[in-house]
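Me: I'm new to reading protein structures. Could you walk me through one, feature by feature?

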Amino acid sequence: MDIFASNKRSQQNKSKWEELHKKSADERVRTTPSYAIKRIYESLEYIQTHSTTVNTLEIGCGFGRNLHYLITHGFSDNYVGIDQTEIAIQKATELLSDYQQ
């Protein structure tokens with residue numbers, strides 16, 4: 001795949017998510033985690049017994065619902081969420097404002 005096609009596809013993907021997040025920005029932010037996060041949380045005891053420090057990185061965190069769940073359940077020591085749209089980052093920051101250092 002050439003670089004131009006890859007960059008064009010990347011921009012199309014970003015535009016798709018920006019549009020979706022703009023449409024959803026005024027709705028109440030869900031705090032129920034995805035099924036995958038619930039399954040990961042079930043492994044907490046194993047993770048904590050095999051690590052001295054647990055770090056969580058969520059790529060594509062959207063409005064922060066999965067991070068919210070993990071934070072409120074004490075899943076790890078440190079949390080980082082990243083997203084490609086400013087709207088998602090703003091909404092996640094608002095949702096998680098009580099937990100920021």
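This is a predicted model: local features need pLDDT of at least 70, side-chain atom pairs count only at pLDDT 80 or more; totals for chains, interfaces and linings use all residues.

Me: Let's start with the strands. In what sense do strand 1 and strand 2 pair, and over how many bridges?

Reply: Strand 1 covers residues 55-59 and strand 2 covers residues 78-82; they pair in the parallel sense, over five bridges. To find your place, look at Ile59, which stands opposite Ile82 in strand 2.

Me: Which element does the chain pass through from strand 1 to strand 2?

Reply: Helix 4 is the link, and the β-α-β crossover made this way is right-handed.

Me: How do I judge whether helix 4 is enclosed?

Reply: Start from relative accessible area: a residue under 20% is called buried. Six of the eight residues of helix 4 pass that test, so the helix is largely enclosed by the rest of the structure. The buried ones are Asn66, Leu67, His68, Tyr69, Leu70 and Ile71.

Me: What do those buried residues pack against?

Reply: Their partners are helix 2 (35-41), strand 1, strand 2 and helix 5.

Me: And helix 5? Which of its residues are buried?

Reply: First the general idea: an α-helix has 3.6 residues a turn, so residues three or four places apart point the same way. Now the case here: in helix 5 (residues 86-95), Ala88, Lys91, Ala92 and Leu95 are buried. Looking down the axis of helix 5, you find these buried residues within an arc of 100 degrees, so they line one face of the helix.

Me: Can we zoom in on one residue? Is Leu67 buried or exposed?

Reply: Leu67 belongs to helix 4, residues 65-72. It counts as buried because its relative accessibility is 4%, and the cut-off is under 20%.

Me: What is Leu67 in contact with, beyond its neighbours within four places in sequence?

Reply: The contacts of Leu67 are Thr56, Glu58, Cys61, Tyr79, Val80, Gly81 and Leu96. For a sense of distance, Arg39 is 28 residues from Leu67 in sequence, and their C-alpha atoms are 14 Å apart in space.

Me: Thr56 is on that list. Where does it lie?

Reply: Thr56 lies in strand 1, and it is buried, at 11% relative accessible area. Setting aside neighbours within four places in sequence, its contacts include Leu67, Leu70, Phe75 and Val80.

Definitions and conventions. Residues are numbered from 1 along each chain as its sequence is written. Side-chain values use heavy atoms; hydrogens and water are left out. Helices (H or I, at least four residues) and strands (E, at least two) are DSSP runs, numbered from the N terminus. Buried means under 20% relative accessible area, exposed over 50%, partly exposed in between (1.4 Å probe, protein chains only). Contact means heavy atoms within 4.5 Å. The arc is that of the directions from the helix axis to the C-beta atoms. Two strands pair if DSSP finds at least two bridges between them. A crossover is right-handed if, with the strands pointing away from the viewer, the path from the first strand over the helix to the second runs clockwise.
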